[in-house]
Amino acid sequence: MDTDRVAIIGASMTQFGQREAWIRDLLAEAGIACLEDAGVEPSDVEHCYVSNMSSGEFEGQGGIMNMLAHDLGLLPAYTQRVDQTSSSGGAGIYAAWQSIASGASEMTLLVGGEKMTHRTTGESTDIIASITHPEEYKHGVTLPSFAGMTARHYLERFDAPRESLAKVAVKNHKNGVDNPHAQFRKEVGLETVLESPIVADPLRLYDFCPITDGSAALLFCSESVAREYTDEYAIVSSVAGATDTHVVHERPDPTIMNGVVESGRAAYEMSGYDPEDVDVAELHDMFTILEFLQMEGLGFADHGDAWRLVEAGETERDTGDLPINTSGGLKSKGHPLGASGVAQGVEIYEQLVGEAGPRQVDADVGLCCNVGGFGNCVITTIMEVGA
């Protein structure tokens with residue numbers, strides 16, 4: 001029996017979507033619910049990490065980690081804000097795991113959140129585009145334009161039908177219907193996706209995730225401490241991060257995200273698991289094409305073949321060998337930047353402890369991949385059922 005492993009004993013998500021609440025309130029809502037889910041008192045929390053990308057730019061609010069410690073009664077817990085752009089949530093999992101694994105903390109709360117919808121689409125897009133390299137940003141490049149160019153190249157190079165990308169959106173919207181916290185709980189048909197307005201050719205409106213407010217939380221401790229609270233918990237088998245060039249046009253192959261490849265390789269090596277051991281996965285489908293690139297980078301499909309698995313239904317929740325984005329993914333659940341990686345962890349935790357309700361699949365090992373920017377920083381986490 002290994003009592004040094006890092007466990008997760010509680011999880012929560014706020015409603016994702018357009019919320020009246022500001023970032024401070026969203027974080028507190030998720031944090032309180034997570035502590036209640038685990039049956040842990042605020043005074044028992046020694047470290048508190050807040051994953052957030054841009055509360056200053058979106059809301060003019062800084063110091064949110066200290067506000068959360070005050071609002072939840074965590075004082076004098078150590079606090080830290082974790083910013084790794086849109087992979088801040090995954091980086092928060094990494095920080096929380098380190099705090100427990102190192103022995104620095106016995107009980108660590110991670111809360112991720114973002115407040116975005118009070119800004120216009122143009123304002124939000126410009127804040128997000130600020131994470132691109134200055135040499136590309138000055139030419140007007142945005143993340144959606146990168147996605148469009150990559151999708152066009154992928155479809156032509158691998159002779160993939162346009163419908164295969166649309167089927168990612170259809171699948172994830174179908175899964176989101178059963179997620180009570182998802183921003184969109186409505187199925188969409190293939191024709192609806194293919195006839196929606198063009199955003200970045202060949203990608204259309206339904207190939208993109210929405211702008212979202214929301215927060216999510218996870219509670220970490222050692223496995224020996226976990227057993228004092230519950231018989232049902234998840235183990236963080238591994239967590240690994242990697243980076244890729246910030247200048248996207250310098251990548252030798254735009255259909256390969258080396259950050260995904262390297263973080264996945266390290267996570268598999270640390271956990272001892274292989275791609276075929278993974279029973280369920282949450283991937284960063286900010287754009288539908290990213291689900292293909294991560295499936296291939298993580299070894300779930302050969303290079304250029306992810307679309308074939310989607311066409312064959314292998315990633316469907318109810319019938320596929322590897323259900324992907326059972327939560328609805330960023331596409332349906334929503335994408336509050338700092339919360340998304342944490343929310344991926346919430347979904348995998350709930351799948352492993354049997355709390356996913358109508359979304360439940362048979363899973364002993366789950367993986368989540370949180371992508372920052374257009375793949376210039378990536379965190380991959382593997383979890384398993386606690387013994």
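Author: We'll go through the pocket, then the cysteines. This is a predicted model, where local features need pLDDT of at least 70 and side-chain atom pairs count only at pLDDT 80 or more, while totals for chains, interfaces and linings use all residues. Residues are numbered from 1 along each chain as its sequence is written, and side-chain values use heavy atoms, leaving out hydrogens and water.

Reader: What is the volume of the largest pocket?

Author: Rolling a probe the size of a water molecule over the atoms shows where empty space is left. On a 1 Å grid over the protein atoms alone, a pocket is an open set of points where a 1.4 Å probe fits, with protein on both sides within 12 Å along at least five of seven lines. Here the largest pocket has about 610 Å³, the space filled by probe spheres set on the points.

Reader: Which residues are closest to its centre?

Author: L205, F208, C209, P210 and I211, out of 25 lining residues (those with an atom within 4 Å of a point). Helix α5, a DSSP run of H or I with at least four residues, gives the largest share of the lining, four residues.

Reader: How many disulfides are there?

Author: A disulfide is a pair of cysteine sulfur atoms within 2.5 Å, and the count here is zero. The sulfur of C34 has its closest cysteine sulfur in C48, 10 Å away, so that is too far for a bond. For C221, the nearest cysteine sulfur is that of C34, at 11 Å.

Reader: Is C34 buried or exposed?

Author: C34 is buried (under 20% relative accessible area, with a 1.4 Å probe and protein chains only), at 0%.

How values were computed
Helix = DSSP H or I, 4+ residues; strand = E, 2+ residues; numbered from the N terminus. Buried < 20%, exposed > 50% of the residue type's maximum accessible area, 1.4 Å probe, protein only.
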